[in-house]
Amino acid sequence: MTSRLWKKGSLVSRVRNLLKADVLKERPLWLDVVEAFPPIVPPQLNQRAKKGTSSLLEYPEDRLIESFYEKYSASEIVDLSDSKPSLCTQFVSRQLQLMASGGLLEDEAFRATVDEFRQTGLKLRTEQRKHVVEQKTETKSPLQNILTYFKDRDSIQERP
């Protein structure tokens, strides 16, 4: 059986004990802060969130990002290691600026941002998505290719 002693005590007391026993070589940075300003309600190990207290986090730009991708799909590859913002991020931040400063509605700001991007030479492609859909409908699965092969072969053999 495993020991349950590690569940006893608070996180702070357990970390203090690990430091005393030289298990931890370096003192965690957060320990001094938590000791200076302890939580009002001490956290419990098996504490569960109260029902109805947590909600889905939704930011105003989430709706704008969704509408951008509905219209223009994923027209670029996003490199997460690059610090340059993606086309979608640039588009949505400009749209938010227009909505805040110009007093435009979402749809009006969307159209104005599209016009600005086209004037600067940035390409927003809707055709790429349609082309991919057409390609998917034309391609056959491997099983369909095999069936077509055997049907063609049988029809050639029946002719003579």
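Where is the place of Asp 22? Asp 22 sits in the loop between helix H1 (11-20) and helix H2 (29-36). The model is predicted. Asp 22 has a positive phi of about 60°, although it is not a glycine. Most residues other than glycine have a negative phi. Asp 22 counts as exposed because its relative accessibility is 52%, and exposed means over 50%.

**Helix packing**

Helix H5 (residues 106-120) packs with helix H3 (residues 60-72). It also crosses helix H4, which spans 87-102. The table sets out both pairs.

| Helix pair | Axis angle | Axis separation | Handedness of crossing |
|---|---|---|---|
| H3 and H5 | about 55° | 12 Å apart | right-handed |
| H4 and H5 | roughly 125° | within 9 Å | right-handed |

Take H3 with H5. The pair packs at about 55°, so H3 and H5 are oblique to each other. On the H3 side, the contact uses Arg 63, Leu 64, Ser 67, Phe 68, Lys 71 and Tyr 72. On the H5 side, Glu 106, Phe 110, Val 114 and Arg 118 meet them. By class, this contact has five nonpolar, one polar and four charged residues.

Now H4 with H5. Their axes cross at roughly 125°, so H4 and H5 are likewise oblique to each other. H4 brings Leu 87, Gln 90, Phe 91, Arg 94, Gln 95, Leu 98 and Met 99 to the contact. H5 answers with Glu 106, Ala 109, Phe 110, Ala 112, Thr 113, Val 114, Glu 116 and Phe 117. The residues of this contact divide into nine nonpolar, three polar and three charged.

**The nonpolar core**

Which residues make up the largest nonpolar core? There are 11: Leu 64, Phe 68, Tyr 72, Leu 87, Cys 88, Phe 91, Val 92, Phe 110, Val 114, Phe 117 and Leu 124. H3, H4 and H5 each supply at least two residues of this core. The largest share, four residues, comes from H4.

Phe 68 is one of the core residues, and it also takes part in the contact of H3 with H5. Leaving aside its neighbours within four places in sequence, Phe 68 is in contact with Ser 73, Leu 87, Cys 88, Phe 91, Phe 110 and Leu 124.

Is Phe 91 buried or exposed? Phe 91 counts as buried because its relative accessibility is 0%. This residue lies in helix H4. Beyond its neighbours within four places in sequence, Phe 91 is in contact with Phe 68, Phe 110, Thr 113, Val 114, Phe 117 and Leu 124. Phe 91 and Phe 117 are 26 residues apart in sequence. In space, their C-alpha atoms are 8.0 Å apart.

Thr 113 lies across from H4, in helix H5. Thr 113 has a relative accessible area of 0%, so it is buried. With neighbours within four places in sequence left aside, Thr 113 is in contact with Phe 91, Arg 94, Gln 95 and Leu 98.

**In brief**

Phe 91 is in the largest nonpolar core and is buried. Asp 22, in its loop between H1 and H2, counts as exposed.

Methods: Residues numbered from 1 in each chain as written. Predicted model: local features only at pLDDT ≥ 70, side-chain atom pairs only at ≥ 80, totals over all residues. Heavy atoms only, no water. Axes fitted to C-alpha atoms, helices over the stretch in contact; angles between N-to-C directions. Parallel < 35°, antiparallel > 145°, perpendicular 65-115°, else oblique. Left-handed = near helix turned anticlockwise from the far one by under 90°. Contact = heavy atoms within 4.5 Å. Nonpolar A, V, L, I, M, F, W, Y, C, P; charged D, E, K, R; others polar. Core = buried A, V, L, I, M, F, W, Y, C linked by side-chain atoms within 4.5 Å. Buried < 20%, exposed > 50% of the residue type's maximum accessible area, 1.4 Å probe, protein only.
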